[in-house]
Amino acid sequence: MRRKRILFVDLDYFYAQVEEVINPSLRGKPVAVCVFSGRNEDSGAVATSNYEARKLGIKAGIPIAMAKRLSNDVILLPMRKDLYKGISDKIMGYLSTLGTTEVASIDEAYVDLGEITLEEAFKLAKEVKERIFKDHGLKVSIGVASNKVFAKVACEMSKPDGLVVLGDEKEGKLRSEIEVSEIPGIGPVLRKKLNELGVNKLGDIKNLDEYKLRKVLGEAKAQYLISLANGTYDEPVKVRQRKHQGRYVTLKRNTRDPKEIKPYLFRAVDEAFAKASGALPMEIYVVAIMEDIDIVSRSRTFKHPISKDEAYNTCYKLLLDILRDDKRQVRRIGATLGKLKKVDGSLDKFFDFKLDGNSV
């Protein structure tokens with residue numbers, strides 16, 4: 001039977017796998033690609049790791065020093081973001097020839113394959129795996145289902161280097177039996193609320209009063225789960241445009257001195273604006289990575305795009321807010337520009353408005 005099929009592609013342990021392709025001697029060894037801060041040889045964090053490293057407990061987000069403590073054999077490599085992005089762009093370009101493609105991240109994408117049979121979907125997904133491996137030497141995991149959520153779930157079921165295509169019967173069974181913790185978008189806090197309502201599996205949603213569910217979870221999350229459980233979820237695959245640009249800078253030493261942090265923050269603002277290629281933000285986020293690697297952020301939203309000078313002032317005020325509310329020292333500081341808008345000279349009049357009259 002022909003019906004809409006969504007394909008989800010995940011480039012397995014992408015950064016580390018690219019390094020293995022470039023240097024085959026790394027294969028079979030624990031490898032982690034890291035962001036080195038430059039403060040000292042152990043300063044920084046793991047960005048991603050291959051499966052051999054993950055078996056040792058070396059996973060994304062842990063400090064480099066911890067990775068070294070977990071294994072003397074782990075190979076720590078510096079991140080080469082431009083290299084990975086170039087390869088990702090080529091793969092995403094290929095996927096876009098198959099149908100509308102939504103790039104979810106540098107290593108994940110959804111593709112709307114249109115209305116095709118299950119057999120055609122399996123054949124096409126197999127061709128995608130073979131093509132990416134042939135062109136780039138990379139193994140990928142793929143899931144195919146009738147919607148984006150179950151396509152991603154199917155992909156998780158296939159890892160690593162697998163392929164799962166869900167037919168109507170298998171997808172219907174999943175709608176009843178999948179644990180809520182395995183549903184994309186359901187984190188620990190939401191899972192706990194659902195468990196307290198007696199919802200452990202998605203199918204349990206049907207036995208719960210919808211009013212109660214909406215009251216506890218909120219309208220958006222409740223409707224998301226109800227539509228998934230009833231088989232009516234149908235969010236379209238959309239070509240996404242980048243709406244955020246950010247940059248993070250490591251301080252020479254941990255500090256709470258705003259005057260010492262200020263030049264690093266302004267450097268992050270400069271580089272974020274450069275990456276925005278002329279677009280101006282209507283949102284500003286300041287993100288501080290604290291001495292214990294915890295992340296603290298503050299933001300401000302505007303009714304109009306703002307200039308870089310206005311961004312400097314806003315970011316410094318947000319930094320002061322962070323330092324006022326949090327007594328820890330800052331390790332890294334970053335600025336992210338949100339709701340980017342392309343503008344022309346006609347917008348200059350907005351920059352004459354006072355901040356307090358135009359922000360929300």
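1. Y51 is partly exposed, with a relative accessible area of 25%. Y13 counts as buried, at 16%. Buried means under 20% relative accessible area, exposed over 50%, and partly exposed in between (1.4 Å probe, protein chains only).

2. This is a predicted model, where local features need pLDDT of at least 70, side-chain atom pairs count only at pLDDT 80 or more, and totals for chains, interfaces and linings use all residues. Residues are numbered from 1 along each chain as its sequence is written, and side-chain values use heavy atoms, leaving out hydrogens and water.

3. The structure holds seven aromatic pairs. Rings of Phe, Tyr and Trp (its six-membered ring) pair if their centres lie within 6.5 Å; planes under 30 degrees apart count as stacked, over 60 as edge-to-face and the rest as tilted. Y13 and Y51 have ring centres 5.4 Å apart and planes at 80 degrees, so this pair is edge-to-face. Y13 lies in the loop between β1 and α1, Y51 in helix α2, 38 residues apart.

4. Now helix α5, residues 118–136. Helices (H or I, at least four residues) and strands (E, at least two) are DSSP runs, numbered from the N terminus. The buried residues of α5 are A121, A125, V128, K129 and I132. They fall within an arc of 90 degrees seen down the axis, so they line one face. The arc uses directions from the helix axis to the C-beta atoms. The face turned away carries exposed E119, K123 and K134.

Key. The expected span of a helix is 1.5 Å times one less than its number of residues.
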